[in-house]
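Hi there,

Here is the structure I promised to pass on to you. Have a look at it first, and my notes on what turned up follow below.

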Amino acid sequence: MPPLIFRKGLDLKHEVADVLAASYHSELVTSIKHAGYRFAAGRITIHLAREFGFCYGVDRAVDYAYQARKKFPDRPVHLTGEIIHNPHVNNELRAQGIQFLSDPGASLDSLTANDVVILPAFGITIEQLQLLDTRGCTLVDTTCGSVLNVWKNVRRYADEGFTSIIHGKYRHEETQATASQARRDGRGHFLVVLDRSEALRVCDYIRHGGNREAFLTAFRHAASPDFDPDVHLAQIGCANQTTMLSSESLEIGNLFRDAMRDRYGELELGSRFRAFDTICSATQDRQDAILALLDQQAMDLMIVIGGYNSSNTQNLARICASRLPTYHVAEPGCLRSATAIAHRPVGNSTEIEEPDWLPRGPVSIGLTSGASTPDNIVEQVIRRLEVLANG
């Protein structure tokens, strides 16, 4: 028998609404939105971006997880890994009795038909799904629609004999899932490029060829099995992890288009190159909103709230850091005092503590949060800023 799969909720939305509101919503944030996205208290003024925080896909994923726990109170309920990249949300789910298969000592191999498994918003690989299928588990699929759209396109690339060039982080769950879709049935190929620099290296190989072994060594973790740059870069289609920086993804697509045109000529471009925009609308909206805030409002610094492993949050911080002092904080406790803040600078892999971050006198602060950060965490940061500035 095929496993039971819930893809459109479990008909318990109203039953879990109150606990979701208590865990994640904020009356203060709602009132600030109604007041023109501006909060003033004493010497501090906070300007909220017009789009921030939970997106539809994240809200839906968390909702389904709570519904699953409610639906199956007497059965083990698991997540294949973090449902989204936010420590507060994941800890709240653990508190609901949901077990994470990515935690030490947990494993897919221990599952039985009695287990309920929630698939995260990023999706999972085809290989993981096949393993769950053999175990007969009941599945609750929260994969985001924007991710499913990317999968549809990379599968089409594979069907047409095109290699998928994926702008993303090869260790990220979403990119791994997308790569598995590009490799569906073992026919397609993929290559993951992290940034403009890696894209330029691939484009140079497309134009001029090069040292095949050196290329394969450089991309040994980011290419499909048996990838051959002399063969599999002859027809390519661009895609991306949905939470990457939009402007960079578009630039990378143009770099590959130019390289293919230079190598094969304009007449062959249509038969050798494909591209489509797969940045999700929520990611785009949050990036556009922070750019608008930076253009329209004079501010002393920016605070970006979200998990350090959240790609969309990292990219919001990248945008802000190019314009003014920016502090990417994982949670409210990072604001330790008026003279100390723990944050992860753009490009760093570790958190640091920085002194003298809060200016004296009147201070104007911009504030945004990643798509996996709930409003109650934003409220706690605002309240903390109010205390530190005026205490």
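Let me start with a helix pair: α6 (145-159) and α7 (residues 173-182) pack at an angle of about 30 degrees, with their axes 8 Å apart. Axes here are lines fitted to C-alpha atoms, for helices over the stretch in contact, and angles run from 0 to 180 degrees between N-to-C directions. Angles under 35 degrees count as roughly parallel, so α6 and α7 are roughly parallel to each other. Their crossing is right-handed, that is, the near helix is turned clockwise from the far one by less than a right angle. On the α6 side, Val147, Val150, Trp151, Val154, Arg155 and Ala158 make the contact (heavy atoms within 4.5 Å), and α7 brings Glu174, Ala177, Thr178, Gln181 and Ala182. Helices are DSSP runs (H or I, at least four residues) and strands likewise (E, at least two), numbered from the N terminus.

A word on the model: it is predicted, with local features needing pLDDT of at least 70 and side-chain atom pairs counting only at pLDDT 80 or more, while totals for chains, interfaces and linings use all residues. Residues are numbered from 1 along each chain as its sequence is written, and side-chain values use heavy atoms, leaving out hydrogens and water.

On a 1 Å grid over the protein atoms alone, a cavity is a set of points where a 1.4 Å probe fits but cannot get out, whereas a pocket is an open set with protein on both sides within 12 Å along at least five of seven lines; lining residues have an atom within 4 Å of a point. Grid points are joined across faces, edges and corners, and a volume is the space filled by probe spheres set on the points.

There are two cavities of 30 Å³ or more. The largest holds about 240 Å³, and among its 20 lining residues Val58, Ala121, Phe122, Thr243 and Asn312 are the closest to its centre. Both α6 and α14 (311-321) give two or more residues to that lining. The second largest cavity holds about 30 Å³ and is lined by Ala282, Thr283, Arg286, Gln287, Asn312, Leu316 and Ala371.

Of its 18 lining residues, Lys169, Gln314, Arg318, Gly347 and Asn348 sit closest to the centre, and α14 supplies the largest share, five residues. The second largest pocket has a volume of about 350 Å³.

Enjoy exploring!

Definitions and conventions. Angles under 35 degrees count as roughly parallel, over 145 as roughly antiparallel, 65 to 115 as roughly perpendicular and the rest as oblique.
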